[in-house]
Amino acid sequence: LAVGRISRDPSLDLGHRLDYVILQEECETPRALVRFVDFGKLSSAFIGPLNPGFCEVATHLGESWNKAIFSWMCINYKLDSTIHHPAFARTLPSPTQVLFTIMKYFKWAHVGIIASNEDIWMYTAKELATALRNHGLPVGIVISVCKGENGTEDTWNKIKEVNDIKIILLCMHSVLIGGQEQAALLTKALEMGLADGRYIFVPYDTLLYSLPYQNNSFSVFDNDSKLREAYDAVLTITLESGERTFYDAFREAKESGEIIRDLEATQVSPLFGTIYDAIYFMAMAVDSARRKGARASGANIAEHTKNFSFPGFSHRVETDSCGKGLNSYVVLDTDGHGNQLLPTHLLDMSSGSVLSLGQAIHFPNEVPPKPDSSCWFDPDVLCTEG
C-alpha cells in the first residue's frame, strides 16, 4: 500500500522506481542476523529490524554497506549519536524517552520488566532495562515468564521479592490485540492480590503503534470479568491518532480498492500503520536528499529526515530540526467495569510535557502507588538514603 501510494504521489521525486522485498526475520536473533546479511547487496535501505537484539549490529553493517536503516523498534540509546551512527534514523520517538517522560510526571522511578519467552521480547526487555538505567532509573528486576505449569505464578512470586517497584513494564503482545500471555499474566496478578494498586502495569508494545480507542470497545473484556478487573491496574500508552483512527484509515483504503485482501480492520494489527509510515518516512528522506542535490548514500538519506510533515496512515508524521519525531502520545485507562479505554493524559513530544485531559485515572482501590523521590529524575542530584 505504501509503495503504491508513493509511486503515485506527485510531490515525491525519488529518481528511481521504489520496490520492496520482505525479509522474513527468523525468531532466533543469530539466525535473523544471517538472513539480514544476505540482503546487503540487494537493498538500498532497510525498514526494521523488528528484533532490537541486533539493531546495533544491523546499523554497523548498514553503515559499512552505505545503506540507511529506518527503525521504530530499536531501543539502544547509543544509536541516536549521529556522529557514531550517521546512517540510522528513528521513524518514531524513542520508546524509552516516552516512558521516562511519563514516569517522571507521575514520579514512579522503580521499575520491573516482564518479558514473554520469545527472543524478540527478551531482547526488548534487556535493551529497555539498559536504556532506563542509562537515564538513572532503578530497574529492580528483568525477568521472562517462567516456564512450567505454575510459570505465571512463579514469575509474580519473584517480582514480589523485589522492594519498592511501582511500575511493571510488560514486553509482550498486548491483550488488546490478542496477546494471550498478557491476559494470563494479568489474570494471575489479580488472583494473587497484586492488581490492588500497588503496581501500575504498562504494556510496552502499544508504544509502537496507534491503538484505536475512540468510539471503540474491546471485546476481549466482554466475557472475562477477571481480566476486566485486572486491567484496572493497567495504564496503556499509545500514539495519538488524531481525527481518524487506524481502523477508519484501513476501512477507507479497503473501500477505495487499494487493499484487496478480505480482512476486517479489527483483524489487522495497528503495527500495519507504523510500518506504512516508516516506508513513507524513508521516501520523504530520499526525496529531500535529491532536492538538495545530495548523493543517495545511507548517511545522506538518514541526514535528510529533519523538519518533516506529511500525512501518515492515520495521523500526521512530523520531525523537528534534529530529525526527532514529534508525535503525541495518550495515556489510556479503564474504569475496571466497562470495555472502553479513555484518554487521561496527553504527552506532547515537541515540548516533552504531559498534560491532563480532565479525565481522572481510575486506580484500583482509588489509591495510586506512592510517588518516588524526584531525585531519580534529576541528573544533577544523587539519590541517597533510598
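A residue counts as buried when its relative accessible area is under 20%, as exposed when that area is over 50%, and as partly exposed in between. In the predicted model described here, Ser 256 has a relative accessible area of 46% and is therefore partly exposed. Ser 256 belongs to the loop that runs between helix 9 (246–255) and helix 10 (271–291). Its side chain makes a polar contact of 3.0 Å with the side chain of Glu 258. His 315 stands 59 residues away from Ser 256 along the chain, and the C-alpha atoms of the two residues are separated by 19 Å.

The second largest pocket of the predicted model has a volume of about 700 Å³. Its lining comprises 33 residues, and Asp 80, Arg 90, Cys 322, Gly 323 and Lys 324 are those that lie nearest the centre of the pocket. Two or more lining residues come from each of strand 3 (88–90), helix 4 (95–106), helix 5 (119–134) and helix 11 (298–303). By residue class, the lining divides into 14 nonpolar, 13 polar and six charged residues.

Between the C-alpha atoms of Lys 126 and Met 73, which are 53 residues apart along the chain, the separation is 13 Å.

The structure holds 20 aromatic pairs. One of these is formed by Tyr 105 and Phe 106, whose rings are arranged edge-to-face, with 5.0 Å from centre to centre and 90° between the planes. Elsewhere, one aromatic cluster is made up of Phe 70, Phe 246, Tyr 247, Phe 250, Phe 272, Tyr 276, Tyr 280, Phe 281, Phe 308, Phe 310 and Phe 313.

Thr 206 is found in the loop between strand 7 (200–203) and helix 8 (225–230), and its relative accessibility of 0% places it in the buried class. The side chain of Thr 206 reaches the backbone oxygen of Ile 237 at 2.9 Å. Asn 76 lies in the loop between strand 2 (68–71) and strand 3; with 9% relative accessibility, Asn 76 likewise counts as buried. The side chain of Asn 76 is joined to that of Glu 56 by a polar contact of 3.0 Å.

Several backbone features were also noted. The peptide bond that leads from Gly 48 to Pro 49 is cis, with omega near -5°, and Pro 49 itself is placed in the loop between strand 1 (45–47) and helix 3 (55–65). Positive phi values occur in residues other than glycine, among them Asp 164, where phi is near 75°. Asp 164 occupies the loop between helix 6 (151–160) and strand 6 (167–171), and its relative accessible area of 47% makes it partly exposed. Glu 366, which is not a glycine either, has a positive phi of about 65°. It lies in the segment after strand 13 (353–356) and, with a relative accessible area of 65%, is exposed.

A further exposed position is His 337, for which the relative accessibility is 62%. His 337 is located in the loop between strand 11 (328–333) and strand 12 (342–348). Although His 337 and Phe 221 are 116 residues apart along the chain, their C-alpha atoms are separated by 9.0 Å.

Technical notes. Residues are numbered from 1 along each chain as its sequence is written. This is a predicted model: local features need pLDDT of at least 70, side-chain atom pairs count only at pLDDT 80 or more; totals for chains, interfaces and linings use all residues. Side-chain values use heavy atoms; hydrogens and water are left out. Rings of Phe, Tyr and Trp (its six-membered ring) pair if their centres lie within 6.5 Å; planes under 30 degrees apart count as stacked, over 60 as edge-to-face and the rest as tilted. On a 1 Å grid over the protein atoms alone, a cavity is a set of points where a 1.4 Å probe fits but cannot get out, and a pocket is an open set with protein on both sides within 12 Å along at least five of seven lines; lining residues have an atom within 4 Å of a point. Grid points are joined across faces, edges and corners, and a volume is the space filled by probe spheres set on the points. Helices (H or I, at least four residues) and strands (E, at least two) are DSSP runs, numbered from the N terminus. Ala, Val, Leu, Ile, Met, Phe, Trp, Tyr, Cys and Pro count as nonpolar, Asp, Glu, Lys and Arg as charged, and the others, Gly among them, as polar. Buried means under 20% relative accessible area, exposed over 50%, partly exposed in between (1.4 Å probe, protein chains only). A polar contact is a pair of N or O atoms within 3.5 Å; within protein, one must be able to donate a hydrogen and the other to accept it, and residues adjacent in sequence count only if both atoms are side-chain atoms.
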